[in-house]
Amino acid sequence: MLTVSNALGPLFLLILTGVVLKRLRFPDPQFWHGAERFIYFLLFPAMLISTLATADFGQVAFGGMIGLLAGLLILLAAGLWLLRYRLGLDLPSFSSVFQGALRFNTYVGLAGAAALYGEAGITAAAVAIAIMVPLLNVLCVLMFVGCGDSGQSGLWGALRALAKNPLLLGCVIGIALNVTGIGLPGWSRDTLALAGQAALPLGLITVGVALQLKALRGTGAAFWLACTIKFGLLPLLALTAGWLLGLKDVELGVVVLFTALPTATSSYILARQMGGNAPLMAAVITGQTLLAMAVLPLWMSLLGALQP
């Protein structure tokens with residue numbers, strides 16, 4: 001437990017630093033808006049390309065990890081959709097629970113994988129992102145289309161946006177450079193590596209800046225349902241299935257980590273754009289990020305205790 005806490009603790013301190021900086025209004029709100037775009041469109045893709053283009057894919061057996069993650073997310077999405085009228089929620093609130101249960105914070109996931117498993121963890125996490133980002137975006141948009149009246153225009157618009165997603169493009173470019181043997185020639189490797197080193201600490205600080213603490217007032221059953229699925233049901237299923245399938249340490253660790261991550265801050269934007277319950281979504285994002293500081297070390301410590 002102490003080892004896991006020592007690895008994950010600095011990550012959460014950076015998130016809390018973002019919370020403090022926001023309250024101090026330092027440097028200023030406009031700075032953080034620009035910084036978030038800079039990280040999302042430049043630094044994080046640079047890190048993903050640098051990692052995947054030079055990775056030794058022989059370090060990790062990705063097949064079982066990818067199959068398990070994709071299978072769990074599809075099954076959970078289908079289960080929630082079939083139960084949508086039995087949960088006692090209106091459709092906008094259901095959409096926020098759906099996103100809160102399935103989506104994950106990329107910044108926290110990559111930083112956690114790096115802290116716990118080093119280079120092999122970053123590689124496994126990057127491959128997981130390459131699979132989970134498009135899958136979850138499609139699942140969430142299909143859910144909104146089913147709940148509302150956005151229809152095919154909403155679906156095709158979201159798919160076009162997904163095709164231009166910088167994280168997904170970074171993964172595709174990095175993998176392509178690796179499998180073709182091109183790699184990163186000349187100064188490009190060190191340049192992208194240096195840019196990528198700034199992505200994780202700055203990304204974690206912006207996670208803290210994006211939290212809306214006031215949104216936690218008056219949270220109800222929908223909030224706790226999303227948190228129970230995210231921090232209880234999903235990682236429990238992942239740990240059990242991964243153990244039964246015999247996944248190795250890094251693969252199983254990344255699977256459990258990614259299923260227990262707080263939901264993505266971008267969920268709030270999607271909720272606003274497609275008719276979801278945006279205040280509830282803000283509460284889920286904030287509450288899950290804060291709860292993850294206690295829950296993630298517990299799950300990763302349990303995983304460590306079960307592994308030989």
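Student: How many disulfides does the count come to?

Tutor: This is a predicted model, in which local features need pLDDT of at least 70 and side-chain atom pairs count only at pLDDT 80 or more, while totals for chains, interfaces and linings use all residues. Residues are numbered from 1 along each chain as its sequence is written, and side-chain values use heavy atoms, with hydrogens and water left out. A disulfide is taken as a pair of cysteine sulfur atoms within 2.5 Å, and by this rule the count comes to zero.

Student: How far from Cys227 is the nearest cysteine sulfur?

Tutor: Cys227 counts as buried, at 4% relative accessibility. Cys227 is in no disulfide, and the nearest cysteine sulfur, that of Cys140, lies at a distance of 16 Å.

Student: Which orientation does α5 have relative to α7, roughly parallel or roughly perpendicular?

Tutor: Helices (H or I, at least four residues) and strands (E, at least two) are DSSP runs numbered from the N terminus, and axes are lines fitted to C-alpha atoms, for helices over the stretch in contact, with angles running from 0 to 180 degrees between N-to-C directions. The axes of α5 (residues 106-147) and α7 (residues 166-179) come within 9 Å and cross at roughly 105°. Angles under 35 degrees count as roughly parallel, over 145 as roughly antiparallel, 65 to 115 as roughly perpendicular and the rest as oblique, so α5 and α7 are roughly perpendicular.

Student: Which residues of α7 make the contact with α5?

Tutor: Contact means heavy atoms within 4.5 Å. On the α5 side the contact is made by Thr106, Ala126, Ile129, Ala130, Val133 and Pro134, and on the α7 side by Leu167, Leu168, Cys171 and Ile175.

Student: Which residues is Thr106 in contact with, leaving aside its neighbours within four places in sequence?

Tutor: Thr106 is found in helix α5 and is buried, with a relative accessible area of 11%. With those neighbours within four places left aside, the contacts of Thr106 are Phe44, Ile129 and Leu167.

Conventions: Buried < 20%, exposed > 50% of the residue type's maximum accessible area, 1.4 Å probe, protein only.
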